[in-house]
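Please look over the sequence and the structure shown here before reading on. The report that follows takes up confidence, disulfides and salt bridges in turn.

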Amino acid sequence: MMRYEGNEKLADETACAGVRADLKMCLLESDCCRVDRKTPRQCLMDNNVPPECQVLRNTFYECKRSLLDNRQRFRGRKGY
């Protein structure tokens, strides 16, 4: 499901922007948004998303968390 892998440019150049874009596209393509006509935020709150979107959500959380963790600032982000 990784769509933005390097040669494509995103308008958002901040940290975790690629994961955010992948999560956004995954949520917009899910049945919750397309069939039930809910917003991505409502789908996340209802926990009505496919497993690959759950994985991207967790990855986005870990990426944002790594920006605040002082130990990881010196060691670098894990898994990237």
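## Exposure and confidence

A residue is called buried when its relative accessible area is under 20%, exposed when that area is over 50%, and partly exposed in between. By that rule Glu 62, with a relative accessible area of 33%, is partly exposed.

The model is predicted, and the mean pLDDT of the chain is 81, with 79% of its residues reaching 70 or more. Among the elements of the chain, the highest mean pLDDT (91) belongs to helix H3, residues 40-46, and the lowest (71) to helix H5, residues 70-75. Where pLDDT is low, the predicted coordinates should not be read in detail.

## Disulfides

The whole structure contains three disulfides. In one of them, the sulfur atoms of Cys 16 and Cys 63 are 1.8 Å apart. Cys 16 lies in the segment before helix H1 (17-28) and Cys 63 in helix H4, so this pair ties together parts that are 47 residues apart in sequence. Both cysteines, Cys 16 and Cys 63, are buried.

Another disulfide joins Cys 26 to Cys 53, with 1.9 Å from S to S, and it links distant parts of the chain, since Cys 26 is in helix H1 and Cys 53 in helix H4, 27 residues apart. Cys 32 and Cys 43 are likewise joined, at 2.0 Å from S to S, and this pair connects helix H2, which holds Cys 32, with helix H3, which holds Cys 43, across 11 residues. When the bonded cysteines are numbered in sequence order, the pairing is 1-6, 2-5, 3-4.

Cys 33 is buried, with a relative accessible area of 10%, but the closest cysteine sulfur, in Cys 43, is 3.8 Å from the sulfur of Cys 33, which is too far for a bond.

## Salt bridges

The structure holds three salt bridges. Glu 62 and Arg 65 meet in one of them, at 3.4 Å from N to O, and because these two residues are three apart in helix H4, about one helical turn separates them. Arg 65 is partly exposed, with a relative accessible area of 41%.

Arg 34 forms a salt bridge with Asp 31, the closest N and O atoms being 3.2 Å apart, and these residues, three apart in helix H2 (residues 31-34), are also separated by about one helical turn. Lys 38 is paired with Asp 46, where the closest N and O atoms are 2.9 Å apart; Lys 38 is partly exposed at 29%, and Asp 46 is partly exposed at 45% relative accessibility.

Technical notes:
Residues numbered from 1 in each chain as written. Predicted model: local features only at pLDDT ≥ 70, side-chain atom pairs only at ≥ 80, totals over all residues. Heavy atoms only, no water. pLDDT = per-residue confidence, 0-100. Helix = DSSP H or I, 4+ residues; strand = E, 2+ residues; numbered from the N terminus. Salt bridge = Lys/Arg side-chain N within 4 Å of Asp/Glu carboxyl O. Buried < 20%, exposed > 50% of the residue type's maximum accessible area, 1.4 Å probe, protein only. Disulfide = S-S within 2.5 Å.
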